[in-house]
Amino acid sequence: MVSGNLSIFFQALQRPCWVDVRWLGRAPVLVLLAAVVGCASPQSPPPDEKTGKRELGNWNFETGDFTGWRTRSTGNGAWHVYEDGARPPDPTDTDPNYPFKVPEPPEGRFAAVTDMRAPGTRILYRDVELDGRFKLSFTVFYESHEVRFSSPANLDQNHPEPNLQFRVDLIDPAARLDSLAAKDVLATIFRTARGDPGKLEPRTLSFDLSRWAGQKVRLRFAQVDNRGPLRAGVDDVRLEAVGG
Ligand SMILES: [Ca+2]
């Protein structure tokens, strides 16, 4: 009987939360427990306790797509949601001369990554209404097959000189999406620079957004390459309320 109940328990764990009521007549305690544990599994993370925004907004890409986000690409390539670091998310959009191999999604099942066959600029972004003081955090990684990073003051893959960069900015939502003008870029949270190593393992960064409390800002992840693939990734973006 114990093993039977355990079987029901583990079956329930693998089912969507909403079907567990079927089992109530047989093992109510275990099934209710399974429902609670199942609902709290890593594939279904709870919303942030303070903001309630995380799951609703797909900040960690666990819907398996870009729900809540927007992307824009020029030239070749794009941002993709992926779940296997050794398998290109779109086989038609990857350079076979530089096989796709990136870290596994740093959090949960899915993350976002750029992939490409030729020069391009890929931007992933979303607007955030900061109705209070928040701390932003996210995880980034990259892998370049051309280790000489170069960051001219534009995101143009047609720039005549090498343009190989990955950067994360807070920008004015009214600005041109690819602007690097000082009046448009409110803050640069991360950027590659000349001399950086060609590979960055997943690293979590945080940044205080309190200065923009009460405003709407645009979070922009931008990656450009015109001298070989630079695959850049992001996951687990969080907004957490700070202070009282
Ligand atoms: Ca994730």
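Strand β6 (residues 165–171) and strand β9 (residues 216–225) run antiparallel and are joined by seven bridges. Strands here are DSSP runs of E with at least two residues, helices are runs of H or I with at least four residues, and both are numbered from the N terminus. Two strands count as paired if DSSP finds at least two bridges between them. Along this pairing, Gln-165 stands opposite Val-224 in β9, and Asp-169 stands opposite Arg-220 in β9.

On to the burial of β6: six of its seven residues are buried, so β6 is largely enclosed by the rest of the structure. A residue is called buried if 20 or more other C-beta atoms lie within 10 Å of its own, exposed if 12 or fewer do, and partly exposed in between, with C-beta atoms placed from the backbone.

## About the model

What you are looking at is a predicted model, in which local features need pLDDT of at least 70, side-chain atom pairs count only at pLDDT 80 or more, and totals for chains, interfaces and linings use all residues. Residues are numbered from 1 along each chain as its sequence is written.

## The overall fold

The protein chain has two helices and ten strands, and along the sequence they follow the pattern α-α-β-β-β-β-β-β-β-β-β-β. Of the 244 residues in the protein chain, 32% are buried.

Contacts (C-beta atoms, placed from the backbone, within 7 Å) also tell us something about the chain. Among those between residues at least 6 apart in sequence, 71% join residues at least 24 apart.

## The sheet that holds β6

Five strands form an open antiparallel sheet in the order β1-β4-β9-β6-β7. The edges are β1 (70–75) and β7 (185–191), each with a single partner strand, so one side of each has no neighbour in the sheet. Neighbouring strands of this sheet are turned by 20 degrees against each other on average, direction ignored; axes are lines fitted to C-alpha atoms, for helices over the stretch in contact, and angles run from 0 to 180 degrees between N-to-C directions.

Strand β6 also pairs with β7, antiparallel and over five bridges. Here Val-168 stands opposite Phe-190 in β7.

## The other five-stranded sheet

Five strands form an open sheet in the order β2-β3-β10-β5-β8, again with antiparallel pairing. At its edges stand β2 (78–82) and β8 (199–208), and each has a single partner strand, so one side of each is left without a neighbour in the sheet. The twist from one strand to the next averages 25 degrees.

Eight bridges link β5 (residues 134–144) to β8 in the antiparallel sense. Within this pair, Thr-139 stands opposite Thr-204 in β8.

Key: Contact = placed C-beta atoms within 7 Å.
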